[in-house]
Structure formats: structure tokens, C-alpha cells
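Please look over the sequence and the structure below before reading on.

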Amino acid sequence: MFRKVYYWIDERLNIRPYIRKEILDKPVHGRLNFTYCFGGMTFFLFLLLTITGVSMAIYYVPSPDHAYDTVDYLTYQIFMGKVIRGVHHWAANLMVVTVFLHMLRVYIHGAYKKPRELNWITGVMLFVLVLSFSFTGYLLPWDQKAYWATKVGTQMPGSVPLIGDYVVRVLRGGSKIGALTLSRFYVLHVIFLPSMIAALLIGHFAMIRRQGIAEPL
Amino acid sequence: MENIKKTEEKEGTTFYPSHLFKEMVVMMFVFVLVSFILALVFPVKLGDPADPTDSSFVPKPEWYFLAIFQLLKYFPGVFEAIAAVGVPVGSIILLMLLPLIDKNPERRPRKRPIAMALMVIILAVTAILTLLGAVT
């Protein structure tokens, strides 16, 4: 079935030689061990987070009046809701671990060095995006933990002289945490950050394909 | 024997099936870990609804922000900005510029004592701060 569809498309677009050359038959060092899989694991977790995140977004309403109730509903009333939200939570936590291990492996192997500087830089940007994802996602359930942790977190830039207060107001959409904070965190979490991460991932992967994985030591 | 090994390494293998298989095994493992072990054995909880009037709630950040949270306690008053913004923003900028700062082409860890020492020190400090943040 899959093969039939593949051949049907290939007959029209002639994609087979391209896929063979660029993906399937791409030479890879024979000595890659499992520590080379942390990047792939992170990407897999990203896919899991996307699927579970979209599933939850179907029910979630980003307003202080409804956020808590809709999270409660999608967790306990929807079929498999507990598992979907659980996978989202644990995949997010595990992603921080795999990103860290991936960076550590690249650092120890000196794989960030010439000619792979740009890949390291996009990687650090992706790392910042992952942290921004977890910070914005934390507020969305609108429970006590979410509210007070975000209050402390968004207060931090306030300590900077001159511009601090302004930054806090931009983050919160006002001086207090409320409906505006929730809607801007929601937009960051489900629209802005995902599009940024998708664009950077394409660059990150394209560069690996172009340069190949750094030679194992 | 040595020769055969060398050619094998030089020529390597192809992405499909050898490397893709390895990735699939790892992904399967991650999927089972996340969905069947973590999500089912440690279900994620929903606390009480947010109450802005109840300031008695003591928040604690997620484990990966604990080091910064702990660092804040050592920089009171006017120095707070150093820990709250200076350290995280500074570290990210340094991390981003790393390949431009470290121009040494040597890749083997044993030949890079400074880079390895810095790594160990930073990891140790972060680990200690995280632990202190977790227990206090």
C-alpha cells in the first residue's frame, strides 16, 4: 500500500533518486553509539509534545475563568486524557534532559568547532526555545502552582534598573498576572514558539545533512 | 584485522537501515518510558485553582530552574539583578559564542584540559545549587 503510493508519486515527481541519495543511502560513520541518539530523542519528544499538545488545545480555553475547568475536564473526563496530559508533562521534562545530554556530548567531542559553528549556535537557540516552552506552558493549567511560580518568574527582570519594570509589564500584559498574561503565554506556547522551533529545526537538520555528523573520536 | 577495521570505519554505513534502526530502538524506548511508565505510574496532578489573594502559597520552580532560584537567595536587594538576569543571560550569550571563543581545533577531550575543567566546575556548581534549591 505504502509502496504503491510511493511509486505513484515517484512516477510523477521522480523523487526516488533524491530520497535514496540524500536520506536512505547517506553515508554515516560505522562507529556511532547510542550517545549519538540524544538529538534524535529530543526530536521524537518534540513530535510527542506536538501531538499531545494539539490534542489538549482542542479542549483548552485560555481565560482565567475557564482555563482550570477545561484542564480538569480534559484530564479526567476525556478518553485517555490523563495519559495525554501525562505524556505531555513527562515528555517536556525528559526533553530538558535529552537536550542537556545532547549538548554535553557535542561539547565533550568538540563537535561545535569549525566548520560546525552555525549548528551549535542554532542549537543554543533551540535550547532557549525549549526553556521558553516550559516556562510559558507552566502557567496554562491556572492552578496555584502555575500562578505563583509565574508570578515569581515574571518578577525576575524587574530587578534590573531602568528597564526592568517595563519588561515585567510586557511579559504580564500589565502589572498583575491575569487574563492578558494567560492569553499571551498561550499564544507564545502554541503559535509563536512552535513556528520558531520548526524554522530552526529545519536549519539545524539541513546543516547536519550538509556537513555530516562530526567524525567519532 | 586492524586493516579491516580501519576500512570499515572509513567507509562507514548508510543512514538506512543501520543508523535509522538505532534511532528507532531509542525512540521506542523513550516512547515506552514516557507513556507507559511515567504517565501511568506518576500521573500528572492538577492543584487547587489559582487564588491571587492567597499569598501563603510558597512556589517552587521546576527542577531545571532550581539552580537560578537558589542563586537568587545569595544576591539580595540591589544585587538581585545579577542572579535574576545577569547570570542566565550572560551564560546563554557565552554558550552561543562558544565556537567563536574556543578556536582550538583539537577535539579530543584529553587534549583540552581547560575546556574539560570548565565543564566539570560549571556542572558541579549547577548540581550543588540545584540540590540546595531542592532541599530548602
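A residue is called buried when its relative accessible area is under 20%, exposed when it is over 50%, and partly exposed in between, with a 1.4 Å probe and protein chains only. This is a predicted model, in which local features need pLDDT of at least 70 and side-chain atom pairs count only at pLDDT 80 or more, whereas totals for chains, interfaces and linings use all residues. Residues are numbered from 1 along each chain as its sequence is written, chains are lettered from A and ligands numbered from 1 in the order in which they are written, and side-chain values use heavy atoms, with hydrogens and water left out.

- Most residues other than glycine have a negative phi, and most peptide bonds are trans.
- A:L162, although it is not a glycine, has a positive phi of about 70°, and this residue is exposed because its relative accessible area is 88%.
- A:L162 is found in the loop between helix 7 and helix 8 of chain A, where helices (H or I, at least four residues) and strands (E, at least two) are DSSP runs numbered from the N terminus.
- A:W142 also has a positive phi, near 55°, but A:W142 is buried, since its relative accessible area is 8%; its place is the loop between helix 6 and helix 7 of chain A.

**Cis peptide bonds**

- In chain A, a cis peptide bond with omega of about 10° joins A:K114 and A:P115, and A:P115 lies in the loop between helix 5 (81-108) and helix 6 (117-139).
- In chain B, a cis peptide bond with omega of about 5° joins B:Y16 and B:P17, and B:P17 is found in helix 2 of that chain.

**The interface of chain B and chain A**

- The contact (heavy atoms within 4.5 Å) takes 62 residues from chain B and 72 residues from chain A.
- The two chains bury about 6,300 Å² between them, 72% of it on carbon and sulfur atoms; buried area is the accessible area (1.4 Å probe) that two parts lose on being put together, summed over both.
- Of the area that chain B buries against chain A, B:V44, B:L46 and B:R107 supply 13%, more than any other three residues.
- Across this interface there is 1 salt bridge, a term for a side-chain nitrogen of Lys or Arg within 4 Å of a carboxyl oxygen of Asp or Glu.
- B:D102 and A:K113 form a salt bridge, with their closest N and O atoms 3.4 Å apart.
- On the side of chain B that touches chain A, helix 2 gives the largest share, which is 15 residues.

**A:S159 and its surroundings**

- A:S159 lies in the loop between helix 7 (144-155) and helix 8 (164-172) of chain A, and a polar atom of its side chain is 2.8 Å from the backbone oxygen of A:M156.
- Leaving aside neighbours within four places in sequence, A:S159 is in contact with B:E80, B:A81 and B:A84.

**Around B:V41**

- B:V41 has its place in helix 2 (residues 15-41) of chain B, and B:V41 counts as exposed because its relative accessibility is 53%.

Definitions and conventions:
Polar contact = N/O pair within 3.5 Å; in protein donor to acceptor, adjacent residues only side chain to side chain.
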